[in-house]
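Please open the structure in your viewer and keep the selection tool at hand. The tour goes from one selection to the next and says what is there each time.

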Amino acid sequence: MKAIQRLTGVLQQKLGKEIPLQEVGYETMSFTHEEIDEELVPPYMIAFVEAPILCHSANYTDIEGNYYTLMLVETGDETPYEVWLVNDKLMTNFLEGIEL
């Protein structure tokens with residue numbers, strides 16, 4: 001549920017419109033260390049996490065067809081590691097200008 005709240009909150013600021021919850025997809029996945037793409041999650045972020053590593057994912061497609069995905073990766077810390085994708089492309093600066 002945190003992934004949905006985070007995705008909708010950030011997109012509301014980025015897109016300047018309300019994101020209907022019924023249009024947001026959600027799933028939880030589990031991975032081994034070897035299954036996680038190092039381009040998305042640096043190995044040091046999950047080095048001390050025992051498998052399975054949980055990832056909560058929320059996604060939304062806007063009216064123009066842009067597909068936004070947030071993955072919250074459990075790292076053992078209180079705050080999960082965030083991965084933002086737009087149209088399946090990693091967005092390392094996606095949160096610039098967002099009030100956290």
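**A walk through the sheet and its helix**

Begin by selecting E3 and E4, which pair in the antiparallel sense over six bridges; two strands are said to pair if DSSP finds at least two bridges between them. Helices (H or I, at least four residues) and strands (E, at least two) are DSSP runs, numbered from the N terminus. This is a predicted model, in which local features need pLDDT of at least 70 and side-chain atom pairs count only at pLDDT 80 or more, while totals for chains, interfaces and linings use all residues. Residues are numbered from 1 along each chain as its sequence is written, and side-chain values use heavy atoms, with hydrogens and water left out.

E4 and E5 form a hairpin with two residues between them, and Asn 87 in the turn has a positive phi of about 55°.

Next, select Thr 69, which is found in strand E3 (residues 67-73) and whose bridge partner in E4 is Leu 85. Is Thr 69 buried or exposed? Thr 69 counts as buried because its relative accessibility is 7%; buried means under 20% relative accessible area, exposed over 50%, and partly exposed in between (1.4 Å probe, protein chains only). Leaving aside neighbours within four places in sequence, Thr 69 is in contact with residues including Leu 7, Ser 57 and Trp 84, where contact means heavy atoms within 4.5 Å. From Thr 69 to Asn 87 the separation is 18 residues in sequence and 8.1 Å in space, C-alpha to C-alpha.

Now turn to helix H1 (residues 2-15), whose 14 residues reach 20 Å from the first C-alpha to the last, close to the 20 Å expected at 1.5 Å a residue; the expected span is 1.5 Å times one less than the number of residues. Lys 2 is found in H1 and counts as exposed because its relative accessibility is 62%. The buried residues of H1 are Ala 3, Ile 4, Leu 7, Thr 8, Val 10 and Leu 11, and they pack against strand E1 (24-31), strand E2 (53-61), E3 and strand E4 (81-86). H1 is followed by Gly 16, whose phi is positive, near 70°.

Finally, look for the nonpolar cores, each a set of buried Ala, Val, Leu, Ile, Met, Phe, Trp, Tyr and Cys residues joined through side-chain atoms within 4.5 Å. The largest nonpolar core has 15 residues, and those with the most contacts inside it are Leu 7, Leu 11, Val 24, Tyr 60, Tyr 68 and Phe 94. H1, E2, E3 and E4 each supply at least two residues of this core, and H1 gives the most to it, with five residues. Apart from this core lies another, of 10 residues, among them Val 41, Ile 46, Val 73 and Leu 85.
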